Amino acid sequence: MKRLQNKVTIITGASSGIGAATAQLFADEDALVYLCDIQDDMGEGLAEEIVQSGAKAKYCHLDVRDEQQWDSILSRISQEHGHIDVLVNNAGIGGAPVHLKVEDYPVNDWDKTIAINATGVFLGTKYAARFMKQTGGGSIINISSVYGLVGTTRGASYTASKGAVRIFTKAAAVQYSQDNIRVNSVHPGFIETPQAASLLSDPQVRSDLINQTPVGRLGTVDDIKYGILYLASDESSYMTGSEFVIDGGITAR
Ligand SMILES: NC(=O)c1ccc[n+]([C@@H]2O[C@H](COP(=O)([O-])OP(=O)(O)OC[C@H]3O[C@@H](n4cnc5c(N)ncnc54)[C@H](O)[C@@H]3O)[C@@H](O)[C@H]2O)c1
């Protein structure tokens, strides 16, 4: 039996990076995967590739900041299939300009990052919990970061948004524990993805980040996707409100 057999799953930010790798893995494990994103061409292309390989996937345009879109997409999926089993709140932005300290940080950048990275996770959890409650439960996985656990010399809004995801996850886990809805956060270290590309293209920053990582290398999307799969599957049925840290040892120092 495959690890996500018969599960209806939704992944935000699924057109690229960690979300795209997770979508492919969920499909390989026999889930029906809804890939949601605002980069429509890439998301549609990946969904088509998955379907052509014989697995089950569909693409939906979803801006995670838009409450009406969440309501209508999750209502439709729930009506079509009778249940929603897994939501991965993965969509996120890095928050620019990353080199500024708090005293110089522009408030419009703060607002945008909080809206996508934190409010987006709240909205997804809000609508998934409504439907999961009615059908016996589910698993919600919120992608935070090591910067939801520790501070950094760069930026302001990203750490705030990821810290919000960390503690919001625990509140939701406690509130829905009696409904069999598990809510956990994942905390990746420095992972090579399009989001990190501009930062990692600076050789000095790249070597600094590797030096901060005890295992001595950057992470890959594969390092993260198997952790998300575990939290999505019934193998993790005793885990809720936890912080799943996959960071090459960064926060162990
Ligand atoms: N790459 C890293 O080093 C790293 C480290 C820790 C945490 N993370 C987190 O992992 C998650 C995935 O990041 P990634 O590195 O794969 O980045 P990525 O840029 O490759 O993918 C992020 C996806 O989110 C989508 N997105 C952005 N705004 C959106 C919106 N408003 N609505 C819907 N989708 C939207 C983008 O279109 C993109 O497809 C993010 O939450 C990120 O903060 C990444």
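Reader: A residue is buried if 20 or more other C-beta atoms lie within 10 Å of its own. With that in mind, how many residues of β1 are buried?

Author: The model is a predicted one. In it, five of the five residues of β1 are buried, and the strand is described as mostly covered.

Reader: In what sense do β1 and β2 pair, and over how many bridges?

Author: The pairing of β1 with β2 is parallel and runs over five bridges.

Reader: How many residues of β2 are buried?

Author: Strand β2, residues 32–37, has six of its six residues buried. One side carries L32, Y34 and C36, the other V33, L35 and D37, and both faces are covered.

Reader: What does L35 touch, not counting residues up to four places away in sequence?

Author: L35 touches I11, A14, S15, A23, G43, L46, A47, A57 and Y59, with residues up to four places away in sequence left out.

Reader: Turning to the largest nonpolar core, how many residues has it, and which have the most contacts inside it?

Author: This core has 56 residues, and A23, V33 and L35 have the most contacts inside it. Its largest share, seven residues, is contributed by α1.

Reader: K58 next. Where does K58 lie?

Author: K58 is part of strand β3, residues 56–61.

Reader: What about L123; in which helix is it found?

Author: L123 belongs to helix α4, residues 107–134. It counts as buried, because it has 23 C-beta neighbours inside 10 Å. Leaving aside its neighbours within four places in sequence, its contacts are V64, E67 and W70. The C-alpha atoms of L123 and G19, which are 104 residues apart along the chain, are separated by 18 Å.

Reader: Changing topic to the ligand: which residues come nearest?

Author: G13, G17, G92, T193 and Q195 come nearest, out of the 28 residues around the ligand.

Reader: Which helices each supply at least two residues of the shell?

Author: Helices α1 (17–28) and α6 (194–200) each supply at least two residues of that shell. As noted for the core, α1 also gives its largest share.

Reader: How many of the shell residues are nonpolar, polar and charged?

Author: The shell around the ligand has 13 nonpolar, 12 polar and three charged residues.

Reader: On backbone geometry, what is phi of N6?

Author: Phi of N6 is near 65°, a positive value in a residue other than glycine. Most residues other than glycine have a negative phi. N6 is in the segment before β1, and it is exposed because 12 other C-beta atoms lie within 10 Å, and 12 or fewer is the limit for that class.

Reader: And where is the place of N180?

Author: N180 is in the loop between α5 (157–175) and β6 (181–188). Its phi is likewise positive, near 65°. With 15 C-beta neighbours inside 10 Å, N180 counts as partly exposed.

Reader: Why does the radius of gyration agree with a compact globule?

Author: A compact globule of 253 residues would have a radius of gyration near 18 Å, and the chain has 17 Å, so the two agree. Of the 253 residues, 44% count as buried. Among contacts between residues at least 6 apart in sequence, 74% join residues at least 24 apart.

How values were computed. Residues are numbered from 1 along each chain as its sequence is written. This is a predicted model: local features need pLDDT of at least 70, side-chain atom pairs count only at pLDDT 80 or more; totals for chains, interfaces and linings use all residues. A residue is near a molecule or strand if its C-beta atom, placed from the backbone, lies within 6 Å of it. Helices (H or I, at least four residues) and strands (E, at least two) are DSSP runs, numbered from the N terminus. Ala, Val, Leu, Ile, Met, Phe, Trp, Tyr, Cys and Pro count as nonpolar, Asp, Glu, Lys and Arg as charged, and the others, Gly among them, as polar. A nonpolar core is a set of buried Ala, Val, Leu, Ile, Met, Phe, Trp, Tyr and Cys residues joined through C-beta atoms within 7 Å. Two residues are in contact if their C-beta atoms, placed from the backbone, lie within 7 Å. The radius of gyration is taken over C-alpha atoms; the globule rule is 2.2 Å times the number of residues to the power 0.38. Two strands pair if DSSP finds at least two bridges between them.
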